[in-house]
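Visitor: Hi! Could you show me around this one? I'm new to reading structures.
Guide: Happy to. Take a look, and then ask away.

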Amino acid sequence: MIRIEPRNAPGRLMTLGVPVLSAVIALALAAIPLALAGADLTVAYGEMVKGVFGSVFAFSEMLTRATPLMFTGLAAALAFRAKLWNIGAEGQLYLGAMAAVAIGAGAVDIPGIFLIPLIIVLGAAAGAAGMAVPALLKTRFGADEVVTTLLLNFIILIFVQMMLEGALQDPMGLGWPQSAPILDQGMLPQLMPRMRMHSGLILALVLAGVAQFMLARSVWGFRLRAVGENAAAARHAGIGVNRSLFGVAILSGGLAGLAGVSEVAGLKGYLTADLSPGFGYTGIVVAMLAGLSPVGVVISALFIASVFVGADSMSRAMGVSSYLADLVVAMSLLCVLVGGFVARYRITRSKPAVAAA
Amino acid sequence: MTLQKVLSLNALSKRFGSVVANDAVSLELHRGEVLALLGENGAGKTTLMNMLFGHYMPDGGSIDVATPSGDMQPLTLGHPQAALSAGIGMVHQHFTLAENLSALDNITLGSEPLFALRRDRAGARAKVQGIMDRTGLTAPLDTPVGKLSVGERQRVEILKALYRDARILVLDEPTAVLTPQEADTLFENIGAMTRDGLAVIFISHKLREVLAFSHRIAVLRHGVKVGEIATSDADQRVIARMMVGEDTPTPTRAAMTPGAPVLTLSGLGLRSAAARDRLTDVNLTVHAHEILGIAGVSGNGQSALAAVISGLRRPDSGSIQVDGVEILNPNPKTMIKAGVGRIPEDRHHDGIVGAMSVAENMIIERLDDPLVQSNGLLNRDAIATNAKTLSQSYDVRGPGIDAGARLLSGGNIQKLILARVFEQNARLILANQPIRGLDMGAAAEVSRRLLEARAAGAGVLLISEDLDEILGLADRIMVIHDGQLTEVSSRNREDIGLKMAGEQT
């Protein structure tokens with residue numbers, strides 16, 4: 001008979017080992033579709049590694065790709081720590097990007113030292129506002145935030161498309177559904193000449209560090225953890241559960257909004273409806289792979305960005321589909337979920353009348 | 001009494017990880033016998049019965065059960081179906097009945113053929129009626145179980161077992177949900193059943209009823225059978241010593257003059273769709289140096305009363321005064337600030353955040369305290385020092401102050417909560433079922449601390465379903481029934497029992 005029993009406490013080795021092992025297994029499993037596509041496996045994996053570590057430019061491209069994932073990963077990690085399931089980072093990202101172009105593309109013409117902070121603050125506020133609605137619906141009426149945040153994504157995306165053919169459309173854009181470009185002084189500074197890597201990365205790293213510190217050391221983090229781990233006991237102990245949830249919702253939405261700001265004001269310069277290839281959703285995988293730890297988010301964002309960038313370069317070199325990257329990311333999430341289960345429970349076989357371990 | 005063997009458990013062992021729940025426990029049961037299985041919480045009683053019933057697979061040992069003709073046959077282990085067909089019936093502490101079906105349907109449920117075209121209801125009814133006539137267990141057969149009282153539901157559970165021709169009946173703490181009078185009736189019925197040859201094992205930790213109604217007593221301690229004794233040779237002291245391994249000092253309650261009121265509830269009302277969450281015109285006063293005991297059968301509004309005093313629920317009418325000051329905006333925070341210390345009923349669910357450390361759980365109610373935090377940042381050294389001191393003075397034992405609180409045993413979790421509550425010098429202590437589920441050592445510690453707080457000038461509101469606990473600790477007793485409180489002046493079990501059942505005397 002097979003029984004599943006909870007483990008006493010998952011050790012440090014488990015909490016670190018499970019995500020790493022999951023990532024490795026997911027990469028290894030990618031060999032199956034690669035082989036089916038007829039590719040030479042050693043060459044394929046070699047191209048993948050080269051695509052990330054082959055040159056300074058390749059590496060900077062990976063960091064550029066990791067930047068929005070760090071923001072959306074942090075957005076998911078913080079919300080999930082409080083058991084607030086924000087699936088709406090994708091929509092909040094677009095709200096942030098929209099605010100960035102609304103203010104940055106010529107609405108005000110002020111020096112960059114004022115314009116950049118303004119864009120960042122308004123972008124974060126727009127993302128926060130996007131999450132405030134579902135949070136309010138949840139704390140006031142008990143509406144399931146999984147449903148509301150997920151569905152809001154589609155509403156927001158269609159709203160963006162409408163704005164890009166209306167109020168926000170670039171008058172010089174020959175009728176393309178895209179916004180006017182952000183003023184030069186409003187763009188986040190590049191980090192290296194002739195590389196696309198921008199200072200949004202620095203902002204993401206700083207925020208991850210701050211989040212890590214605040215979670216562990218501040219009263220705010222204490223409340224957040226208590227609410228997430230046992231809301232009933234937190235409430236009993238006098239912690240304002242709804243207040244904590246609302247606070248983390250605002251923060252989570254703001255971080256997702258910053259992902260949009262960083263993409264639009266750091267990389268693209270203008271807003272189109274295909275700004276994000278699902279950064280909001282991938283952020284959930286990033287957060288889960290990181291075990292909801294802010295510093296872990298940085299590492300897992302780097303891993304997932306490497307998979308994307310590496311697979312892109314491999315597909316260019318070998319002519320296999322770049323959808324392989326999505327496959328690896330999805331499989332690593334599944335591996336983490338299974339791994340997390342294995343870390344928390346032990347599966348034992350017991351035979352009649354034989355002493356079990 | 002005939003001495004025909006019907007059941008023998010041979011050296012049953014069960015381990016859960018490193019914990020030995022049962023170590024080579026052997027038991028015998030005879031026709032028509034009532035065996036009481038005693039032991040503290042965690043002694044392994046329920047594990048043993050779950051192995052008998054096939055819920056758990058023993059790691060070692062075997063079970064023999066008598067066939068109707070009296071031959072002993074080995075029982076297939078790990079299969080509830082095998083236990084059922086061997087004539088073993090079990091009534092769990094928490095009933096397993098379908099509330100929307102009638103009592104009769106519940107009794108026959110699961111023992112009918114799956115693919116029969118029509119049900120033989122008349123035959124079933126006749127059989128159940130026969131059992132009811134023989135044993136005196138009665139229940140309205142056509143009423144949906146949801147409308148039956150707890151006592152009636154329990155009888156339906158027992159009828160269900162007897163309907164399946166159980167010759168051995170296991171009752172897991174059958175009287176926990178009954179008034180003293182209902183319990184007496186139950187034991188009369190059990191008496192009638194055993195005269196028919198039924199053998200009964202009942203699990204309990206109420207020594208009084210064990211002494212009154214069993215023939216033989218077996219005691220488990222730490223998974224080992226430490227003794228077996230004929231009830232006629234036993235008394236409370238002997239059994240208690242067998243259970244604990246030593247004499248536990250019963251806390252003595254010194255006489256005290258009550259001081260000023262620390263908690264006054266006037267005209268308190270709470271509306272709810274569920275009867276168990278309702279309160280109607282509740283008036284009570286707890287004074288300093290006083291323990292007020294609230295007795296009652298489970299589900300009569302105790303949780304609602306505790307929720308209001310904890311600040312978890314806002315009353316719909318009436319007022320709450322703590323230490324002479326009216327609480328205008330009752331919520332957990334204002335109640336804590338006003339000086340109410342709360343020991344919650346469900347310590348795992350409401351008392352601790354299991355994933356957070358022992359140290360963090362010890363300060364969770366005082367996050368605003370400047371000793372705990374400065375400028376929004378936790379004062380980690382002070383938190384650790386606080387945890388070390390409290391762990392020592394309250395004897396909280398576990399893997400350490402940085403380990404998750406869920407790793408503590410039930411008794412140590414309760415000590416953690418006591419430390420948190422008593423260190424704040426609360427004016428009023430709300431103790432909701434503070435002893436339930438604790439071993440005797442921890443239970444004695446809780447009682448001692450409650451009496452200490454009383455001596456130090458706090459008022460204690462003790463809510464309990466265990467009348468013995470209330471009689472032992474409370475200075476004054478009120479009974480809660482159907483959301484209403486009545487004061488009882490007598491300390492007589494009979495009188496209190498009648499009030500618990502809602503009889504106006």
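Visitor: Which helix of chain A gives the most to the nonpolar patch?
Guide: Helix H7, residues 145-164, gives the most, with five residues. Helices (H or I, at least four residues) and strands (E, at least two) are DSSP runs, numbered from the N terminus. Before we go on: this is a predicted model, in which local features need pLDDT of at least 70, side-chain atom pairs count only at pLDDT 80 or more, and totals for chains, interfaces and linings use all residues. Residues are numbered from 1 along each chain as its sequence is written, chains are lettered from A and ligands numbered from 1 in the order in which they are written, and side-chain values use heavy atoms, leaving out hydrogens and water.

Visitor: Pick one for me. Where is A:Val147?
Guide: A:Val147 sits in helix H7 of chain A. A:Val147 counts as partly exposed because its relative accessibility is 45%. Here buried means under 20% relative accessible area, exposed means over 50%, and partly exposed is in between (1.4 Å probe, protein chains only).

Visitor: Switching to charges: which residues gather in the patch of negative charge?
Guide: B:Asp184, B:Glu188, B:Glu494 and B:Asp495 gather there, on the surface. Asp and Glu count as negative and Lys and Arg as positive, while His and the chain ends are not counted. Each charge is placed at NZ of Lys, CZ of Arg, CG of Asp or CD of Glu.

Visitor: Which helices of chain B supply residues of it?
Guide: Helix H6 (180-195) and helix H17 (493-500) each supply at least two. B:Asp495, for one, lies in H17 and is partly exposed, at 33% relative accessibility.

Visitor: Now salt bridges. How many salt bridges are there over all chains?
Guide: The count comes to 35. The rule is a side-chain nitrogen of Lys or Arg within 4 Å of a carboxyl oxygen of Asp or Glu. In general, side chains of opposite charge can pair when their charged atoms come close.

Visitor: Give me an example. What does B:Glu99 meet in a salt bridge?
Guide: B:Glu99 meets B:Arg153, at 3.0 Å from N to O. B:Glu99 is in the loop between strand E6 (88-91) and helix H3 (103-108) of chain B, and B:Arg153 is in helix H5 (residues 150-163) of chain B, so the pair ties together parts 54 residues apart in sequence. B:Glu99 is partly exposed at 46%, whereas B:Arg153 is buried at 19%.

Visitor: And what about B:Glu157 and B:Lys160, how far apart are their closest N and O atoms?
Guide: Those atoms are 3.7 Å apart, in another salt bridge. B:Glu157 and B:Lys160 are three residues apart in helix H5 of chain B, which means about one helical turn separates them. B:Glu157 is buried, with 3% relative accessible area, and B:Lys160 is buried too, with 13%.

Visitor: Which residues are linked in a network of salt bridges?
Guide: A:Arg223, B:Lys333, B:Lys337 and B:Asp368 are linked that way.

Visitor: New topic: what is phi of B:Asp395?
Guide: Phi of B:Asp395 is near 55°, a positive value in a residue other than glycine. Most residues other than glycine have a negative phi. B:Asp395 is found in the loop between helix H13 (380-393) and helix H14 (410-422) of chain B. B:Gln433 has a positive phi as well, about 50°, though it is not a glycine.

Visitor: Is B:Gln433 buried or exposed?
Guide: B:Gln433 is buried, with a relative accessible area of 3%. B:Gln433 is in the loop between strand E19 (428-432) and helix H15 (440-455) of chain B.

Visitor: Last one: which residues does B:Leu27 touch?
Guide: Leaving out residues up to four places away in sequence, B:Leu27 touches several, including B:Leu7, B:Leu35, B:Ala218 and B:Glu228. Contact means heavy atoms within 4.5 Å. B:Leu27 is in strand E2 (residues 19-30) of chain B and is buried, at 5%.

Note on methods: Patch = residues over 30% accessible without salt bridge, like charges linked within 9 Å, V, L, I, M, F, W, Y side chains within 5 Å. Areas by Shrake-Rupley, 256 points an atom, 1.4 Å probe, with all protein chains shown as cover.
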